[in-house]
Amino acid sequence: MLELLDRLPPDPILGLMAAYRADDDARKIDLGVGVYRDDQGNTPVMQAVRAAEQTVLERQTTKTYVAPAGNPAFNDAMRRLALGTQGALAASDRVCAVQAPGGCGALRLGAELIRAAKPNATVYVSTPTWANHVPLLSGCGLKLERYPYYDPATGGVAFEVMMCALDTLSPGSVVLVHASCHNPTGADLQAAQWRELLGLMQRRALLPFIDMAYQGLGDGLDEDAEGLRLLCAALPEALIAVSCSKNFGLYRERVGGLIALNQSAAAAGAALTQLTRIARGLYSMPPDHGAAIVAEILGSDTLRAAWRSELDGMRARIAHLRAATTGALAEACPDEDFSHIQRQRGMFSYLGISPEAVRRLREQHHVYMTEDSRVNVAGLRLENIPYFAAAVAAAGGAR
Ligand code: LMR
């Protein structure tokens, strides 16, 4: 039977990691997978994570199962991190939250919950969106459609076009929205646009499914959640997938969660039973270690402050890299406009170059990015930005 299986091409993002590792050129630059890197090109373990991990290990007395819903302290802390500690939702019994194996696990839990509630629901994702949204959301049988989002001419959101498209959706349609630091474009909605989106969702009775994988890496922890909080404060229902991969640097520990806003406390109770049943059927229980670290950090004033300050440093570094990259590209490619890189937020931007130029960058200059020319800005170092800009010019720039 197994010999019937076709060989599949590598994952568009993860496949680059292997290609980059196999390249032994000293000038190589990895702008592929979205991991934060410091000035030395390393993805360090955050100090607050190290300290919390120590405490977790010292205090741990057993390795017995946690529960399908995961660590309650983690779930509570993540809910407050996402929804804030002020306002009606802070302690609302309409909200339930479960731990998940990473943001990916949370997205799949959300998709499965939608399918359980409405098997024929359609989920609309932005064009473009993170490549893995497609298998994660449609893999459970949900129908997936697209809505326009990015305007390559401005490097911003094609807001009017997006709103026109969303205004045609039937009630109960699910709209996958990126809370901040849009992956792959770095183009985010402005505050006034979130308000307009809210009005449209209310009018058309749409369900937002919000992916927040980069909280704190755009404009700040609260700032990056503003749009999400606006929607959740006014809408009857919403789903939120959160991840601790980037903002806690806990990539390999697989730490995330799904938060569901429901119409009533009774509905929240029912959703929780569904989510734990889904988790049990998929992976039984999430891993403990990373979530215990996050709960420890968010539960301690000292560790939380230390983590926030490290996160602030990461965000400032990305902003600095964006400015330096825009400047270097302006010099190396004087006839082209890369200024959107400085205006955008989070780890990613589209360079806006052709797949052929992307291939030349990889094969001739050892610069790795996905075929759509998404770059992980955090993968650059101040010292290799001039090399990168010269390579983009040599590869043909945006022409
Ligand atoms: C990315 O977009 O590169 C990250 O979210 C990592 C991944 O799993 O794709």
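Tutor: One cut-off before we start: a residue counts as buried when its relative accessible area is under 20%, exposed when over 50%, and partly exposed in between. Keep in mind that this is a predicted model.

Let's zoom in on Ser300, which sits in the loop joining helix H10 (289-298) to helix H11 (301-332). Its relative accessible area is 19%, so Ser300 counts as buried. A polar atom of the Ser300 side chain lies 3.0 Å from the backbone nitrogen of Leu303.

Glu112 pairs with Arg108, with 3.1 Å between the closest N and O atoms. Both are in helix H4 (residues 102-117), and because they are four residues apart, about one helical turn separates them. Glu112 is buried at 11%, and Arg108 is partly exposed at 22%. Another salt bridge joins Arg203 and Asp167 at 2.9 Å, N to O. This one also links distant parts of the chain, 36 residues apart, with Arg203 in helix H7 (residues 191-204) and Asp167 in the loop between helix H6 (159-166) and strand S7 (174-178). Back with Arg108 and Glu112, salt bridges with shared partners put them in one network with Arg115.

What about cysteines? A search of the whole structure turns up zero disulfides. Cys232, for one, is in no disulfide, and the nearest cysteine sulfur, in Cys96, is 12 Å away. Cys244 has its closest cysteine sulfur in Cys104, and at 13 Å that is too far for a bond. Cys232 is buried at 1%, and so is Cys244 at 0%.

Zooming out, the protein chain has 14 helices and 13 strands. Its radius of gyration is 21 Å, close to the 21 Å the globule rule gives for 399 residues, so the chain is as compact as a globular protein of that length. Of those 399 residues, 54% count as buried.

Conventions:
Residues numbered from 1 in each chain as written. Predicted model: local features only at pLDDT ≥ 70, side-chain atom pairs only at ≥ 80, totals over all residues. Heavy atoms only, no water. Helix = DSSP H or I, 4+ residues; strand = E, 2+ residues; numbered from the N terminus. Buried < 20%, exposed > 50% of the residue type's maximum accessible area, 1.4 Å probe, protein only. Polar contact = N/O pair within 3.5 Å; in protein donor to acceptor, adjacent residues only side chain to side chain. Disulfide = S-S within 2.5 Å. Rg over C-alpha atoms; globule rule 2.2 N^0.38 Å. Salt bridge = Lys/Arg side-chain N within 4 Å of Asp/Glu carboxyl O.
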